[in-house]
Structure formats: C-alpha cells, structure tokens
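Dear colleague,

I am handing over the structure that we spoke of, and it is placed directly below. My notes on what was found in it follow, and I would be glad if you read them with the model open.

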Amino acid sequence: MQNSEQIWTLVDEKREPFQALADRVWATPEIAYTEFKSVAEHIAMLKSEGFRVSESLAGIPTAVMGEAGEGGPVIAILGEYDALPGLSQEAGIAEPRPLVAGGHGHGCGHNLLGSAALLAATAVKDLLAEAGVGGRVRYYGCPAEEGGAAKGFMVREGCFDDVDIAISWHPGSFNRVDDAKSLANTRIDFTFHGRASHASAAPHLGRSALDAVELMNVGVNYMREHMPSDARIHYAILDTGGVAPNVVQAKAKVRYAVRARDLVGLNQLIARVRKVADGAALMTETTLETQVVSAVSNLLGNTALEEAMQRAFDRLGNAGFDDADRAFAATIQATLSPEDIQSAYRRQGIPQRPNTPLCDFVIPLGTNGDPMLGSTDVGDVSWKVPTVQARIATMAIGTPLHSWQVVAQGKSAHAHKGMVFAAKVMAATAVEALKDPSLIARAKADHARRLADQPYVCPIPADVRPPIQPRPAE
Ligand SMILES: [Zn+2]
C-alpha cells in the first residue's frame, strides 16, 4: 500500500495550517449565504496552494472551486463552512456558555468539514504533481448546506457536469462509510391573503388569513397519521398577520418543510400538503400564494465507491486519540443523557460500548441501524455524479448535531485529529480512483443502474434563485 502511505504523508505534512484554517472558520461563524470571511479564508488557502481558482461559482458569491492537475479523470472533493444561528459557544469547556449572546456557532462541525476536504484535495494535488500522473482534483467550497440547498443550485447550474466522482465527509460520533439514507426535503412558503376589518364592529366583512394558516396546520396534523412513517413534516409561522386581536388578519405566512424517502415520495407528499392548503383557503375565503424556498434530493449510494472508501478506512485504522482527548470527551459525555448515547449507537446498528468517550474503531460497511432521518444537499450531487461520503468521529459519542456541545468541541485536539483522519480517508479514496480507472467505470455503471428507472430532475423549480446575501460593508 505504498501509494496510500504516500498520500497519508502528504496529508500529515500540511495538517497544521489546515487545522489553523478550521479554527479561523470556527471563530468567524457565518450562516447560509453570508459566509464571506469563511470563503475568503478558503480562497486564500487555495491560491497559496497553487490551485486554479473559480470564485462566485454558480453566481453565488460564497461558493468557490479550485482545480489542480491536467487531463482526466476529474475528482471532486466537497467542503462546507456555514454555521448555525443561536449556537454561539466557548470552546474547550463542558457547559453551555455563549461567546456572543444570540450569536452564531459551528454546531454542525462545518469548520472542520471544509478544512479537511481542502486538505484532502491539496494532498491529492501534491501527489499528482510528484507522481506525474494525469488527472484533476477539485475542491468545491459549498455554502449554505444548512437550509440553503446551495449544492442543488450548483448542480442545476452545471458545476458538476464534467466531474467523474465526488467525495465528501461529515463530522460525527463514529467512523464509517455513510450509508446514504438521508431524506429528500423541500421548504415551501404558503402565504394566505384575506381581508382586514374591525374584528368587533364588522367581523362579517373580514376574512382571516391567520385562520387559514391555523386550519392548514390542523389539516396537515391530521394527515400525519396517514403518511409513510419515515416521512416528516414541520412548520414555522413566519407572519401571523399582526399583533392586534381586534383587527382581522389580512395576510399570514407559514413555512413548511416536507421530507420523504425519495423524490417520488416527496412530490406525492407535497401534492397532498398543497391540497390541504387549498382547502384552508376555500374554507376561509382567502387566496393562497406559494413559493418554493429550497429543495434537496435524497442521497444516492454507490457500492463501488463505498467499498473503496471502506478499504481506505481499514488500512488507516483510527485517528489516534489519546488519554487527554478521551478525558475531555468524557466531560462532554457527562452533559448528555443516557438516551442521547443509546440512540447514537442504535442509529449505527452496533451494541453500546461502555467507557468509550471517543470512537477509535470503524463500523463495517453495510451495518444497518436506525436511518439518519435528516437531509443534506450532497443528495443532489449524488444524483448527478457517483458520490461517496465518510462519517468521521470528531466529537464525543452521543453528541447531538446542532448542539452547543459540537461547538465546544470544534477546536479540540480530538476534532483536529478527526479532521486529519477524514482528509486521509478521502484522499486515499481519490488516489485509488486515479490509479485504478476500473473503479470509476464501476462507480459510473452503478450510478447509471440506480438512475435507470428514476432519472434525476432537480427538485428546485427553474424560477427559484439562491437567496444570496449582500456582501457586508468593510
Ligand atoms: Zn452538517
């Protein structure tokens, strides 16, 4: 395994500047489509490493692509760097303590995600140069994974059209090849328009848009009993129509998130939610306007790439956590409930291991647990090109994503080690594809088979643009 060892050395040689990059992104948490400082950090790193850089990819100012090498094949490594609102948190402590009241925080570990992906791409670039091998490696800096579906827009704009395979990862509690079980997901705003009037003097002249929102929610809540058990529907009322109870609310808006196992199931469920909304408008004599905000596809697996990534995991072993890492992780685990930890193991389909604050093993390929019922915009990339993702331990076992505990561990020694481990797994998978063209051929055949009876149609309607944000004044 000479080549794999070479690629691991290349990762190790640059681990420090990339850990520092992850820490700088951790310290400037920016949410969907506002990642101006984070993308600037990634662009600076790409340029200093000699990548050919394309900024404002797909017309999105916080998206970037860097390419190195010549000829084919083209291997894409996907990174992210967006944070979450309301999760500001000090690093290195095991109690909730915001750095900035109400501020943002890296509660999904995307500071590590982007930096490890860029480190992997850099190591592959260095290997291509040293070995004089044909092939290109690209780093895609993808914004707005959290609710922004940026990769879907990037796919729609053709950013991945000439890519052969895509590789990514996500921070978590365990080490494994991702089992590709995310849900397709869409967000739709339903705005009802009624007629204002004095609620006491002339109630018969008013038509309440807020009533329509309430009736829609009641209708959907009844519908829940009669939908697939792995589908999900959530809502948030964005506009209640005002704060005066003595004015009939003329306008009200509710945002729905609808999730289903695949795009076909998603479209069926959306059609039913739309009928409920139409019914609410009919009952209240209001009118209805709808707007799709974002949408992502479910993840499509790829057996050939998953097996290749598993081989990389098996050769590497683990991230090399030490007693100090385990001691800090144990203090984080002490803030979790026993159910948090049990359900983390259940989702992986493995028995619980006592006294194991950090995962130092690899879960075998094909181990089935309770599926992860979230969504990711990597889904759309996986429908466009054969895609594989790693899940790598960067946090104490049981740490729920989108929690202060993730932010608190985001700059820790164990997070840094997990990040470097992730870069090695991804880079080794890419190197196998570059050295063995049959891997890419098998991956493409598998991909074609999966699309044969359900071709990809981007779930984002053609007229929906990414909600890009203005660059803040310096
Ligand atoms: Zn995430």
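The residues that line the largest cavity divide into 4 nonpolar, 4 polar and 2 charged. Please bear in mind throughout that this is a predicted model. A search of the whole structure finds 1 cavity of 30 Å³ or more, and the volume of the largest cavity is about 60 Å³. Its lining is made up of D178, A180, L299, L300, G301, N302, E306, T387, V388 and Q389, and strand β11 (residues 387–393) supplies the largest share of that lining, with 3 residues.

The second largest pocket, for its part, has a volume of about 420 Å³. It is lined by 23 residues, of which D179, A180, K181, S182 and L299 are the closest to its centre; by class, the lining of this pocket has 8 nonpolar, 6 polar and 9 charged residues.

**The zinc site**

Which protein atoms are the donors of the zinc ion? They are SG of C108, NE2 of H110 and NE2 of H170, which lie 2.1 to 2.2 Å from the ion, and along the chain the donors follow the spacing C-x1-H-x59-H. C108 is found in the loop between β3 (74–80) and α4 (110–131), whereas H170 belongs to strand β5 (residues 165–172), so the pair ties together parts that are 62 residues apart in sequence.

**Two helices in contact**

Two packed helices are described by the angle between their axes and the distance between the axes. Helix α13 (residues 413–435) packs with helix α14 (residues 437–451) at an angle of about 100 degrees, and their axes are 4 Å apart. Because angles of 65 to 115 degrees count as roughly perpendicular, α13 is roughly perpendicular to α14. On the α13 side the contact involves E432, A433 and K435, which meet P437, L439 and I440 in α14, and by class this contact has 4 nonpolar, no polar and 2 charged residues.

**Backbone points to check**

Most residues other than glycine have a negative phi, and most peptide bonds are trans. Y33, however, has a phi near 70 degrees, a positive value in a residue other than glycine, and its place is in the loop between α2 (15–27) and α3 (36–48). A cis peptide bond, with omega about -5 degrees, joins G72 and P73, and P73 lies in the loop between β2 (64–70) and β3.

With kind regards

Definitions and conventions
Residues numbered from 1 in each chain as written. Predicted model: local features only at pLDDT ≥ 70, side-chain atom pairs only at ≥ 80, totals over all residues. Heavy atoms only, no water. Axes fitted to C-alpha atoms, helices over the stretch in contact; angles between N-to-C directions. Helix = DSSP H or I, 4+ residues; strand = E, 2+ residues; numbered from the N terminus. Parallel < 35°, antiparallel > 145°, perpendicular 65-115°, else oblique. Contact = heavy atoms within 4.5 Å. Nonpolar A, V, L, I, M, F, W, Y, C, P; charged D, E, K, R; others polar. 1 Å grid on protein atoms, 1.4 Å probe; cavity = no way out; pocket = protein on both sides within 12 Å on 5 of 7 lines; lining within 4 Å. Points joined across faces, edges and corners; volume = space filled by probe spheres on them. Donors = N, O, S within 2.8 Å, 3.2 Å for Na, K, Ca; no water.
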